[in-house]
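Please have a look at the picture on the screen, and then we'll walk through it together.

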Amino acid sequence: MTGHPTDFLWLVPALPLAGFLVNGTLALARPATKGAVSAVGVGVLAAAFAVAAWIVAGMGHGEAAPEIVRYWTWMPVGALSVDVAFQLDQLSAVMMLVVTGVGALIHLFSVGYMRADAAYARYFAYLNLFVFFMLVLVLGANFPVLFVGWEGVGLCSYLLIGFWFGEKVNADAGKKAFIVNRIGDVGFLAAMLLLWRHLGALDFATVFERAPADLALGGPVVTAITLFLFLGCTGKSAQIPLYTWLPDAMQGPTPVSALIHAATMVTAGVYLVARTNVLFAMAPVSSAVVAGVGALTALFAATIALKQWDIKRVLAYSTVSQLGYMFLGVGTGAYAAGIFHLATHAFFKALLFLGSGSVIHAMHHALHATHTHEDPQDMRNMGGLRRHMPWTFALMWIATLAIAGIPPFAGFFSKDEILAAAFARGQDAPLWYLFWGCGAVAALLTAFYMTRMMLYTFHGPNRTGEKAEPHLHEAPWVMTGPLLVLGLLSLVGGVLNLPALVGGGQWLHHWLAPVTAGAAGFLPEADLEHGTELTLVGIAVAIALVGILAAWRLLKPADLVPARLARPERGLGRLLWRKWYVDELYDAVIVRPLTWVSRNLLWRFLDQGVVDGVGVNGAARLSRGLGWIGSWLQTGEVGLYVVVFVIGVVVVLRAVGS
Amino acid sequence: MLLGPALTVSAILFALGVAGVLVRRNAIVIFMCVELMLNAVNLTFIALAQQLGVAGHVFVFFVMAVAAAEAAVGLAIILAIYRHQETVNLQDIHLLKG
């Protein structure tokens, strides 16, 4: 290949799109195809990753100007002209590599996980389409193109959550995700309209160039724009108050949870904040809101994860919690730390989800083989799986140590950097000490609930049942292979951004510096003294160790009984198990009043009463009444008609003549 | 010039036609009254054509042609009604009403 690498940037999203078209055609024409679908589905992702890596390798290090590739003009409306254009800079490069890299591994895993599914081709078609939209999202050079990707991944998320739509609970979960995301999208749209109104442009380069000059620093306009953007982020990235859809999204196939609801799509909000870092840095209030919501979500979701029994739900709340950390990072102004955690989280959370996928796979087959109707995702039915699935067991422990923040695993460095940044900000604004506290407690809970999950799943005696136990076995290599790669990445992912403290060069930090340079002018990252930093690292490691050891000492997997024999929870445990009753609260405060208003006010009164009654039927009744009066004149007497006619002629002639 | 008397005659003829249409009950008589009105208008056209040019003459031919066609259709309708109702008295023909 010759020419400049960015000439081939279009190939990266085009490959998954081509995969979608081929697999979509196969899904419609020959639903039973498997071999060709796997080859195309995984092949396009591998090729996209290769092209992306080649393009990124060609990027000059420390090159400040983002490269914008324009393809065609999309919306020329008056002074506004929106192009379909991609932007290659340091941030989109990182995202592009994470999406295609982790995406390719998860596609490969899916080959094994979905092998027996009847709608295999449709699954891969959706998955390819998702990757296409995700790449449009991270590569888009202006807000509308980003929004197309933003909506597109939402659509694919909906399609894949409800992939097994035969069961109503799955279809409902998909619907919930879609509708809750719409609330956030209103915020995104409002932010775009405000940007256009006040800056007259929607492409990133112009917006970030004009914003510092045209918008008042910390003024109401920039605060409103960023808060609206953040509303969009809370929807897409499952933060308080719009996080409720993500745990329900676990109804989809497990690789989907790994790809969409852990590694890529849900991090779009973090990406958006990092992308618009200039705007957020100009609005200190919004940044504090972002950090506060992030810290609160991290803590809140971690408490719920303590008492979940469904292995995927533990991971779902863990994802919500980790996303909270990322928002704490980007809200604090540590954009590089937020993106760093995004990348490491993509590694270890994808590993955890895929690991849980292979556990569920094994459980499903064992229960299926013995015709047992138990929940294959309930941890109370597992136990002792380490003897049957040693690879999954070892790799998931790596991911658990990574998420708990044990050095030298990847999660330790990224989480520690976020917490250190929040603590450093506390020197000027004590509020940030509170955020740091939330994050630290959440880290303790994270270590605890992750160890709990590992203990109940892999340690202790087996509770699957005597007949089913011999059927438990390790997943095929096509599934454990991707796990191995992700395990390696979770192990060494920290080298991306090794802190100076351990002699690292903070590579990612410097790499992203051109992107965050605009924000650094308004919100310089606070520095910590060397001693304080060491103390914080010590505290973080201690917290993680305490969490793990506490879970190890307090929880007794041997005392656990299978789900069907378990007694209902009581007290605080019940409160956590029922997720603080937030779903019930939303149902009572928002959903039911809304359906009441819709049914009684909008439907019965406005639609049936006013539109149908007064408008449609009223018009009919009016013309019928008029016709009745007219029929009164229609006597059949020609003489009378003639008299009326002559009078009419005289009247008209008089009117015309005068 | 006979314009004044000619217009007077035509006005009288038109008024007679209107009165006949209004007061008579026999369909054929009413029909004749309509013809009377048409011819009153024709007379007006001719009289005014003396001053205003040949267009009035042309109009008269058109009116006569239309009147002939109308006579054919109208008489046919009256004949059809008579076959059906055995009368041409309009007071007895009032089936068509709302």
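Predicted model: local features only at pLDDT ≥ 70, side-chain atom pairs only at ≥ 80, totals over all residues.

Residues are numbered from 1 along each chain as its sequence is written, while chains are lettered from A and ligands numbered from 1 in the order in which they are written.

On confidence, the model has an ipTM of 0.80 and a pTM of 0.82. Chain B has a mean pLDDT of 89, with 96% of its residues at 70 or more; pLDDT is the predictor's confidence in each residue, from 0 to 100.

Now, chain A. Its secondary structure comes to 24 helices and 2 strands. Both are DSSP runs numbered from the N terminus: helices are H or I with at least four residues, strands are E with at least two. The C-alpha atoms of chain A fill a box of roughly 110 × 65 × 55 Å along the principal axes. Of the 658 residues in chain A, 51% are buried. Buried means 20 or more other C-beta atoms within 10 Å of the residue's own, exposed means 12 or fewer, and partly exposed is in between, with C-beta atoms placed from the backbone.

So what holds the most contacts inside the largest nonpolar core? Among them are Phe130(A), Met134(A) and Ile339(A), in a core of 221 residues. Helix 15 of chain A, residues 335-369, gives the largest share, 21 residues. A second, separate core has 5 residues, including Ile30(B) and Phe31(B). A nonpolar core here is a set of buried Ala, Val, Leu, Ile, Met, Phe, Trp, Tyr and Cys residues joined through C-beta atoms within 7 Å.

Next, the loop between helix 8 and helix 9 of chain A. Ala238(A) lies there, and its phi is near 55 degrees, a positive value in a residue other than glycine. Ala238(A) counts as buried because it has 31 C-beta neighbours inside 10 Å. Pro241(A) is in that loop too, and the peptide bond from Ile240(A) to Pro241(A) is cis, with omega near 10 degrees.

Finally, is Glu86(B) buried or exposed? Glu86(B) is exposed, because 8 other C-beta atoms lie within 10 Å. Glu86(B) also has a positive phi, about 60 degrees, and follows helix 3 (55-85) of chain B.
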